[in-house]
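Here are my notes on the model, for you to read beside the structure. They go point by point.

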Amino acid sequence: MTFNKTRAKHNLLALWGKVIRARDKKCQWCGRKEGKLDGHHIISKSRCSYSGMFDLNNGVCLCFRCHRIRMESHSVEYRDWVMGWLHDKNLDYYQLRQTYEGAKTYFNKETYEIKKKIMEKILEELTEKPKKKERKKKC
């Protein structure tokens with residue numbers, strides 16, 4: 001079977017979104033937990049190399065409503081919020097943008113498999129339920 005780059009990219013973006021939602025657990029802008037939550041690229045996919053497109057530092061969980069407002073308005077309020085959110089994570093918007101836009105990365109079957117395994121492992125760790133501690137029996 002030949003490697004389908006478009007399908008692989010789509011599948012990896014879907015997995016990326018699951019990891020972002022599992023990591024953040026709620027809309028990072030308004031705090032909403034219920035309803036449809038989206039993984040949102042801070043540096044847009046159109047500006048990123050493949051490294052930035054699948055990097056978890058380039059993602060934030062937003063509810064459908066906040067995601068739409070951000071996509072339609074490109075507001076100063078959103079920009080300021082993103083800068084603060086990234087600062088809290090010890091990340092810099094301009095550094096991320098420079099890294100993602102300038103990187104010459106290639107997307108092939110090997111890089112797909114590596115990124116997929118990494119994200120699946122992270123997702124597994126984020127969604128793993130904590131084990132109950134065994135109680136010691138009193139004698």
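1. The second largest pocket has a volume of about 180 Å³. Bear in mind that this is a predicted model. Helix 1 (5–24) and helix 6 (109–127) are the elements that each give two or more residues to the lining of this pocket.

2. Which residues line the second largest pocket? They are Met-1, Thr-2, Phe-3, Asn-4, Arg-7, Ala-8, Asn-11, Lys-109, Tyr-112 and Glu-113. By class, four are nonpolar, three polar and three charged.

3. The length of helix 1 checks out. The helix has 20 residues, so at 1.5 Å a residue it should span 28 Å. Its end C-alpha atoms are 28 Å apart, which agrees. After the helix comes Lys-25, with a positive phi near 65 degrees.

4. Which residues of helix 1 are buried? The list is Ala-8, Leu-12, Leu-15, Trp-16, Gly-17, Val-19, Ile-20, Ala-22 and Asp-24.

5. Look at Asp-24, in helix 1. Is this residue buried or exposed? Its relative accessible area is 10%, under the 20% cut-off, so Asp-24 counts as buried. A polar atom of the Asp-24 side chain lies 2.9 Å from the backbone nitrogen of Cys-61. Beyond its neighbours within four places in sequence, Asp-24 is in contact with Val-60, Cys-61 and Trp-85.

6. On helix 6, turn to Lys-116. Its relative accessibility is 26%, between the 20% and 50% cut-offs, so Lys-116 counts as partly exposed. Which residues does Lys-116 touch, not counting those up to four places away in sequence? They are Leu-12 and Leu-15. Both of these leucines are among the buried residues of helix 1.

7. Lys-116 also gives a distance to check in the viewer. Lys-116 and Asn-11 are 105 residues apart in sequence. In space, they are 8.9 Å apart, C-alpha to C-alpha.

Notes:
Residues numbered from 1 in each chain as written. Predicted model: local features only at pLDDT ≥ 70, side-chain atom pairs only at ≥ 80, totals over all residues. Heavy atoms only, no water. 1 Å grid on protein atoms, 1.4 Å probe; cavity = no way out; pocket = protein on both sides within 12 Å on 5 of 7 lines; lining within 4 Å. Points joined across faces, edges and corners; volume = space filled by probe spheres on them. Helix = DSSP H or I, 4+ residues; strand = E, 2+ residues; numbered from the N terminus. Nonpolar A, V, L, I, M, F, W, Y, C, P; charged D, E, K, R; others polar. Buried < 20%, exposed > 50% of the residue type's maximum accessible area, 1.4 Å probe, protein only. Polar contact = N/O pair within 3.5 Å; in protein donor to acceptor, adjacent residues only side chain to side chain. Contact = heavy atoms within 4.5 Å. Expected span 1.5 Å × (residues − 1).
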